[in-house]
Amino acid sequence: MSAAPTSAGAAIVAAATTLGLLFAAPAGADEEWGINGTFAVSSNGDFAKINERFQDQPGERATWTISTQCISPTECAGTVNSDEGWSAPIYTTSGLWYVKRVVPDWRFCADGQSVEGLRIYKIYPVGFDGHFDAASDEYTGENQTVGPSGSCGRNQEPQIRMPFYMKKL
């Protein structure tokens, strides 16, 4: 075997490595993975379910400002600030984004006692065809609020779920 093909191959590998380093993703590539910006959000109460039974509920509309930082496409965390006056953490796990916050005085029992709920938004990016699209600035998912089991004298935990939609402004 001659030295010419070996050194030519080494030169090609070196050139490819250099080009790869020149065109590598910049240090701010985490911005591509996260959710950042201002979004219009809505939850459709016309399709709400209370403990798996359809029952109309008031819908929700708000504006969220979201700021996240990522160390990989599957490890991101940040903060959501709503124009409704609350802030909550946002993070991603297995392709789903989660926002969780406590809702004080979520429901009231017959005796007037208030019950707090845990609101969980589960969202993912969606394309025009309704399928997952990581590059989209539109998101869909579910808005779920769960109360503690045993509240209001009932063993079953109260739960409301409704469709959720979010679009970048």
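Predicted model: local features only at pLDDT ≥ 70, side-chain atom pairs only at ≥ 80, totals over all residues.
Of the 169 residues in the chain, 34% are buried. The secondary structure consists of two helices and 10 strands, and along the sequence the pattern reads α-α-β-β-β-β-β-β-β-β-β-β. Among contacts with a separation of 6 or more, 45% are made by residues 24 or more positions apart.

Side chains of opposite charge can pair when their charged atoms come close. The whole structure holds six salt bridges, one of which joins Glu60 and Arg119 at 3.2 Å, N to O. This pair links distant parts of the chain, since Glu60 lies in strand β4 (residues 60–72) and Arg119 in strand β8 (residues 114–125), 59 residues apart. Arg119 is buried because its relative accessible area of 8% falls under 20%, whereas Glu60, at 21%, counts as partly exposed.

Another salt bridge runs between Lys167 and Glu138, whose closest N and O atoms are 3.7 Å apart, and it connects strand β10 with strand β9 across 29 residues.

Finally, Ser151 sits in the loop between β9 (138–146) and β10 (159–168), where it is buried, with a relative accessible area of 12%. The side chain of Ser151 reaches the backbone oxygen of Pro148 at 2.9 Å, and, leaving aside residues up to four places away in sequence, Ser151 touches Val115 and Pro158.

Methods:
Residues numbered from 1 in each chain as written. Heavy atoms only, no water. Helix = DSSP H or I, 4+ residues; strand = E, 2+ residues; numbered from the N terminus. Buried < 20%, exposed > 50% of the residue type's maximum accessible area, 1.4 Å probe, protein only. Contact = heavy atoms within 4.5 Å. Polar contact = N/O pair within 3.5 Å; in protein donor to acceptor, adjacent residues only side chain to side chain. Salt bridge = Lys/Arg side-chain N within 4 Å of Asp/Glu carboxyl O.
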